[in-house]
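Hello,

Here is the structure I promised to pass on. Please open it and keep it beside you while you read my notes below.

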Amino acid sequence: ADVYQTPQWVADLAFRLPWWREWREPWTDVPFKVEEPGCGETAPFLFAARRACIRDNVLTTRLSGCELRRGLPRLLFGGPAVSELREGVDYLGPQTWSQFNEHDLIITNPPFSIAMPFLVRGLERLHPHGRLVFLLRLGWLESQERLPFHLSHPPIEVYVLPRRPQFIPGKGSDASGYLFAVYGKDPATVSRLRWAVEEPSP
């Protein structure tokens with residue numbers, strides 16, 4: 001079976017969008033915790049978060065990730081940027097795999113077929129002032145089945161990627177367009193539609 005890996009440029013882009021600066025700027029002197037469920041073998045969003053914190057002078061973070069598959073290359077195990085990384089862990093399962101009950105930022109590219117359960121579990125684990133950022137197909141905004149959730153818990157912002165990612169090396173860009181959906185613990189009163197164009201460096 002094909003393994004879909006999030007390109008590192010996509011993960012890096014997430015931390016060069018306005019939501020990151022607007023959310024973190026008021027409290028950059030407070031350490032915070034980042035979680036990437038379903039991080040795969042490369043944990044691209046954890047790497048991107050670490051780089052963004054160094055770049056923006058954010059205090060040391062606690063980075064944690066989990067992956068259902070076992071036997072992956074341990075690219076991050078023992079690395080200084082990661083506090084906890086476990087394989088063979090079902091993010092939707094009953095076990096409590098992390099010592100941290102509340103995360104300030106949960107960011108990932110979830111399996112699309114179970115993106116909704118991932119999102120619901122993420123919101124449960126999110127700090128009241130935290131952010132949940134998911135990379136999703138544009139089709140996420142469609143579907144009668146998902147409509148009740150969209151109406152009851154709309155995202156704060158939606159960033160549309162102008163460039164389609166390539167998830168399988170050598171197979172070209174994905175057939176679908178993609179977006180970053182940014183959620184808060186509580187439903188947004190107004191959702192903003194923006195394009196995923198990185199902010200210029202200061």
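**The aromatic cluster**

Phe15, Trp19, Trp20, Trp23 and Phe32 form one aromatic cluster. Please keep in mind that the model is predicted.

There are nine aromatic pairs in the structure. One of them joins Trp20 and Phe32: the centres are 6.0 Å apart, the planes make an angle of 45°, and the pair is tilted. Trp20 belongs to helix α2, and Phe32 sits in the loop between α2 and β1. Twelve residues separate them, and the pair links distant parts of the chain. Trp20 is buried because its relative accessible area is 4%, under the 20% limit. Phe32, at 2%, counts as buried too.

Phe149 and Tyr183 make another pair. Their ring centres are 6.2 Å apart and their planes are at 50°, so this pair is tilted. Phe149 is in helix α5 and Tyr183 in strand β7, 34 residues apart. Both are buried: Phe149 has a relative accessibility of 15%, and Tyr183 has 1%.

**The whole chain**

Now step back. The protein chain has five helices and eight strands. Along the sequence they come in the order α-α-β-α-β-β-β-α-β-α-β-β-β. Of the 202 residues, 47% are buried. Take the contacts between residues at least 6 apart in sequence: 73% of them join residues at least 24 apart.

In soluble globular proteins, nonpolar side chains tend to be buried together. Here the largest nonpolar core has 32 residues. Phe15, Trp19, Trp20, Leu105 and Phe180 have the most contacts inside it. At least two residues of this core come from each of α1 (8-14), α2 (18-24), α3 (44-55), β4, β5 and β7. Which helix gives the most to this core? The answer is α3, with six residues.

Leaving out residues up to four places away in sequence, Leu105 touches Phe15, Trp19, Trp20, Trp23, Phe32, Lys33, Val34, Glu35, Arg131 and Val133. A second, separate core has 18 residues, including Cys66, Tyr91, Leu123 and Ala181.

**Helix α4**

Helix α4 spans residues 115-125. Its buried residues are Ala115, Phe118, Leu119, Gly122, Leu123 and Arg125. They lie on the same side of α4, because they cover an arc of only 160° around the axis.

Strand β6 runs over residues 157-160. Glu157 and Tyr159 point one way, and Val158 and Val160 point the other way. All four are buried. In a regular strand the side chains alternate between the two faces of the sheet.

β6 pairs with two strands that I looked at. With β7 (178-184) the sense is antiparallel, over four bridges. There, Val160 has Leu179 as its bridge partner. With β8 (192-195) the sense is parallel, over four bridges. There, Val158 has Leu193 as its bridge partner.

**Cysteines**

How many disulfides are there? The count is zero. Cys39 is in no disulfide, and the nearest cysteine sulfur, that of Cys66, is 6.5 Å away. The sulfur atoms would have to be within 2.5 Å. Cys39 counts as buried at 5% relative accessibility. Cys53 is buried as well, at 3%.

**Two residues with positive phi**

Most residues other than glycine have a negative phi, and most peptide bonds are trans. Asn57 has a positive phi, near 60°. Asn57 is in the loop between α3 and β2 (62-67). Is Asn57 buried or exposed? Its relative accessible area is 66%, so Asn57 is exposed.

Ser143 has a positive phi too, near 90°. Ser143 lies in the loop between β5 and α5. At 31% relative accessibility, Ser143 is partly exposed.

Best wishes

Methods: Residues are numbered from 1 along each chain as its sequence is written. This is a predicted model: local features need pLDDT of at least 70, side-chain atom pairs count only at pLDDT 80 or more; totals for chains, interfaces and linings use all residues. Side-chain values use heavy atoms; hydrogens and water are left out. Buried means under 20% relative accessible area, exposed over 50%, partly exposed in between (1.4 Å probe, protein chains only). Two strands pair if DSSP finds at least two bridges between them. The arc is that of the directions from the helix axis to the C-beta atoms. A nonpolar core is a set of buried Ala, Val, Leu, Ile, Met, Phe, Trp, Tyr and Cys residues joined through side-chain atoms within 4.5 Å. Contact means heavy atoms within 4.5 Å. Rings of Phe, Tyr and Trp (its six-membered ring) pair if their centres lie within 6.5 Å; planes under 30 degrees apart count as stacked, over 60 as edge-to-face and the rest as tilted.
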